[in-house]
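Look over the sequence and the fold, then read the points below.

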Amino acid sequence: MTQPRITLGVSLKMYFSYQQTLAWSEEVAEIARHHPAIVNGEVGLFVLPAFPAIAAIGQIFSATAVSIGAQDLCWEDSGAWTGEVGGPMLAELGCRYVEIGHAERRRHFAETDVQIAAKLAAALRNGLTPVLCFGEEQQLPPDQAIATCRQQLIAALSEANRQQLRGEVVLAWEPQWAIGAPAPAPDAFIAEVCDGLRQLNDFGDFHFRVIYGGSAGPGLLSRLGHQVNGLFLGRFAHQPAALRQIIDEAAALAATSPSATEA
Ligand SMILES: O=C[C@H](O)COP(=O)(O)O
């Protein structure tokens, strides 16, 4: 599958009810059906709802280019794992993406680096693209933030490397202090860290896209330009009109991306 020039992901976390999730998805599907950059694949959009809504929104987005995914998965594929959902079932439901290691799961559910690494391997083993969330807890200077992220990435990719699994991984860098905040991290900081993350090349043979998350909303992508490969959105995508604006910004950026001008 051709890679989009700009990738936008939305995690609905646990904000919406089931019916709200369907209503939001209907509105976003309507936007996606008509937006040229989504239709032609220059802008990729994926949506991660709560588990019970995956099948229903799969239907809603089925006639669009929007991909769906889950917010978590079990590191095992099947068996006596009460309450868990395995990669094979997510693939069966039509998921293309699965989020792994979000700061909220690390904090509230005590997820460890070892579990995150096993989940990332499970995703790749099942043909799912991991959306690997990582990011420093405290505000740090850019070089220290990059060094902290590098350690998290080495840990998260270790099991996939050990099993010689390969594939595409979306690196969703989310400084933890910028999640759920009134505003994203400063533009210059995002640019510098994303640039540093893109230059890291000691993780193994994966194809990476680096997207920024943490109170991202309309306006950010236009300000960042080609410093990021996209955004991972939370609250500021809850209004479909705001998401449409972000898609417009992504489309404008995709049209001026180096690969677009070479084509
Ligand atoms: O999963 C999304 C990120 O954690 C960002 O959420 P937020 O934009 O609501 O801070």
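A residue counts as buried under 20% relative accessible area, as exposed over 50%, and as partly exposed in between, using a 1.4 Å probe and protein chains only. Helices (H or I, at least four residues) and strands (E, at least two) are DSSP runs, numbered from the N terminus. By these terms, 6 of the 6 residues of E2 are buried, and the strand is mostly covered.

This is a predicted model: local features need pLDDT of at least 70, side-chain atom pairs count only at pLDDT 80 or more, and totals for chains, interfaces and linings use all residues. Residues are numbered from 1 along each chain as its sequence is written, and side-chain values use heavy atoms, with hydrogens and water left out.

**Confidence**
- pLDDT is the predictor's confidence in each residue, from 0 to 100.
- The chain averages a pLDDT of 95, and 98% of the residues score at least 70.
- For the complex, the predictor gives an ipTM of 0.99 and a pTM of 0.96.
- Where pLDDT is low, the predicted coordinates should not be read in detail.

**The barrel**
- Eight strands form a closed barrel in the order E1-E2-E3-E4-E5-E6-E7-E8, with parallel pairing.
- From one strand to the next, the twist averages 30 degrees.
- Two strands pair if DSSP finds at least two bridges between them.
- Strand E6 (residues 167-173) pairs with strand E7 (residues 206-213) in the parallel sense over 7 bridges.
- Within this pair, Val169 has Phe208 of E7 as its bridge partner.

**Helices on the sheet**
- Contact means heavy atoms within 4.5 Å.
- Axes are lines fitted to C-alpha atoms, for helices over the stretch in contact, and angles run from 0 to 180 degrees between N-to-C directions.
- Helix H8 (residues 187-199) lies across E5 (129-134), E6 and E7, and runs at about 155 degrees to E6.
- Helix H10 (residues 240-255) packs on the sheet and touches E1 (6-11), E2 (43-48) and E8 (230-233).
- The direction of H10 makes about 160 degrees with that of E1.

**Strand E2 and its neighbours**
- Both faces of E2 are covered.
- Val43, Leu45 and Val47 are buried on one side, and Gly44, Phe46 and Leu48 on the other.
- E1 and E2 run parallel and pair over 6 bridges, and Gly9 stands opposite Phe46 in E2.
- E2 is also joined to strand E3 (residues 67-70) by 2 bridges, again in parallel.
- Val47 stands opposite Ile68 in E3.
- E2, helix H3 (residues 54-60) and E3 make a right-handed β-α-β unit.
- Right-handed means that, with the strands pointing away from the viewer, the path from the first strand over the helix to the second runs clockwise.

**Ser11**
- Ser11 lies in strand E1 and is buried, with a relative accessible area of 3%.
- Not counting residues up to four places away in sequence, Ser11 touches Leu48, Gln71, Glu99, Phe232, Leu233 and Gly234.
- Ser11 and Leu124 are 113 residues apart in sequence and 20 Å apart in space, C-alpha to C-alpha.

**Cysteines**
- A disulfide is counted as a pair of cysteine sulfur atoms within 2.5 Å, and the structure holds 0 of them.
- The sulfur of Cys95 is too far for a bond, because the closest cysteine sulfur, in Cys74, is 15 Å away.
- Cys194 is in no disulfide, and the nearest cysteine sulfur, that of Cys149, is 9.2 Å away.
- Cys95 is buried at a relative accessible area of 7%, and Cys194 is buried at 0%.
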